[in-house]
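Please open the structure in your viewer and keep the selection tool at hand. The stops below ask you to select a few residues at a time and look at what surrounds them.

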Amino acid sequence: MRRGKSEKFDTFISLTRKRSIQILIGVGLVYLIMVTMEIPFVFKTGFSAVSQEPMIRPIRLNSEENLDQREAPTRPLESVSENSFQPSPSRVPQHRILSSLVFDRKAFDSGSKDGDSELYKSAKVAWEEGKKYWDELQSGKLRIASKKAENRSHSCPPSVSVSGSEFAAQKQVMVIPCGLTLGSHITLVGKPRAAHAEDDPRITLLKDGDDSVMVSQFKMELQGLNTVEGEDPPRVLHFNPRLKGDWSGRPVIEQNTCYRMQWGTALRCEGWKSKADEETVDGQVKCEKWIRDDNSHFEENKATWWLTRLIGRTKKVTVDWPYPFAEEKLFVLTLSAGLEGYHINVDGRHVTSFPYRTGFTLEDATGLSVSGDIDVHSVFAASLPLSHPSIAPQQHLEMSSKWRAPPLPEGEVELFIGILSAGNHFAERMAVRKSWMQHRLIKSSKVVARFFVALHARKEVNVELKKEAEFFGDIVIVPYMDNYDLVVLKTVAICEYGVQSLSAKYIMKCDDDTFVRVDAVINEAKNVPQGRSLYVGNINYYHKPLRFGKWSVTYQEWPEEVYPPYANGPGYIMSSDIAHFIVSEFRRHKLRLFKMEDVSMGMWVEKFNGSKPVEYVHSFKFCQFGCIEDYFTAHYQSPRQMICMWDKLQRRVRPQCCSMR
């Protein structure tokens, strides 16, 4: 009995084992079938692109400020190469640095019948020259030996002095090798010439029978001699005493700056002391008082002199000074660099103070120019810096992967920002990369930003530019020779890139010295209902062309009395349908090119508006000159200001300006 039960139990156990083995075999077969069916799905969905490294808990970023210290996490690839079994997620995709904008002879010849024929001829030459430069650069034949950072201390003297004859031999320009620094001062000894008759209609408008206006004035300018080819030297400070010949009919002193061929707002001193509530410069007023022709105080003193003597000395002693310059009279002028601006003293008396402007640094003032109705006796500059930062791009570019641009997204982009830049603006581009291009929307590729640069006349700049473009992946080279009048070609290239290389909902254009609040700009565009065409910026209405002077426009170039409404060039937005229209018109050789880029855009938008209504949105927060609180964009910002504004935006969460230069 017992043996029978034992045999049955053994039989049961053996059957159970066989059944378990069968079940395991069946499960194994099902697993193999499932894995076989699942593998293609895994490859298609991109899971193979996930790193095989051990899983690490991601670092939590508590605020946007942390983006300055940490690199953004790598975004998994949405698609993988069919030729690569397991691609590396850290591989940087190939960036096409050359613009796909194409010019042909028909495009150049299309303007020959208009008043813009000279512009089209200039564009043709610039494009042909640029093509030669680019082909030479691509062939590898052009190689510039890298130079070690030279020690320029020996070429930075503490002082510079020239006599009047030496100054004249140098074409009225004294070179200041390493610029200025805090506490530097320049002393000019000169004598204004006697007034002369002036018939130039740009200075005076004469009526029939009137005599010629008598003029005596001179200009003293701090200039930046290291500048972009094709542009006049920037005026770091323009000091213009007008003894006679000003439109006011009285002696005045006018001061200003000219940055990237754009004049700022002039400061005019007309003999009245600045108001007590007006901003001072290092505690000094901007304008001191002097005796005016309509000031009767001098005659009043004559009439009451004996009465004053009888009454006694008044408690308040007032001193009235004449205008600091007189014809045929020697003067000693001292220009000094303070903490907040420049100060002018004449014959030991403070006359004017001018705050630093437009992003210039003190070392930018590498030359002093004096011209006009004046005889210069001597110029002496002292307390100059003993060293100067090298202008080599290696001193500006920080070749770190942290500043590389994210790869282009495959889907729709909310906003594409095209940034106009010049070949040798290495410092400006690096400052933009380190500031507002670190915005979370750009790092996540929801917004894309690219620099648009033409070729430089100096070949070594182009070599460095190509290296920079290949490393950072954020530069698009438009292969023509850079020219201020042809900036409009870069704008067309921005439109072409936004609608061809990307699928951008909005397209924005700005300059490399413009700080952009990315989120505020997008929100401003979104205020316009979806589906409508829009043109957003600081818009000029009924702006008249200038017919005389540097920015003159002939009637052949623009025959009408006013321009169409146009947004100022430092920053504006358009909807993608307008950009599509511009690219289409350009390819059909029907797009009119005008030498003023922002006016050109106004012309194109007006033409598009004839077929589909465009909503024009005007806002002063797209600042054309400088910066205002709660800005959308701020223009004329130096690299230091860019970093400062970004830091304020992160730490204080408020858009605030930076007064430093």
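Predicted model: local features only at pLDDT ≥ 70, side-chain atom pairs only at ≥ 80, totals over all residues.

Begin by selecting helix α6 (residues 426-434) together with helix α13 (residues 639-651), whose axes lie 9 Å apart at an angle of about 5°; because angles under 35 degrees count as roughly parallel, α6 is roughly parallel to α13. Show the side chains next: Ala427, Glu428, Ala431, Val432 and Lys434 in α6 meet Pro639, Met642, Ile643 and Trp646 in α13, and these contact residues comprise seven nonpolar, no polar and two charged.

Turn now to the salt bridges, of which the whole structure holds 27. Select arginine 193, in the loop between β3 and β4, and aspartate 375, in strand β14, which are 182 residues apart; their closest N and O atoms are 3.1 Å apart. Arginine 193 is partly exposed, with a relative accessible area of 35%, and aspartate 375 is partly exposed with a value of 35%.

Move on to glutamate 254 in strand β7 and arginine 242 in strand β6, a salt bridge with its closest N and O atoms 3.3 Å apart.

Finally, select glutamate 585 in helix α11 and lysine 607 in helix α12, 22 residues apart, where the closest N and O atoms of the salt bridge are 2.9 Å apart. Here glutamate 585 counts as buried at 5% relative accessibility, whereas lysine 607 is partly exposed at 47%.

Definitions and conventions
Residues numbered from 1 in each chain as written. Heavy atoms only, no water. Axes fitted to C-alpha atoms, helices over the stretch in contact; angles between N-to-C directions. Helix = DSSP H or I, 4+ residues; strand = E, 2+ residues; numbered from the N terminus. Parallel < 35°, antiparallel > 145°, perpendicular 65-115°, else oblique. Contact = heavy atoms within 4.5 Å. Nonpolar A, V, L, I, M, F, W, Y, C, P; charged D, E, K, R; others polar. Salt bridge = Lys/Arg side-chain N within 4 Å of Asp/Glu carboxyl O. Buried < 20%, exposed > 50% of the residue type's maximum accessible area, 1.4 Å probe, protein only.
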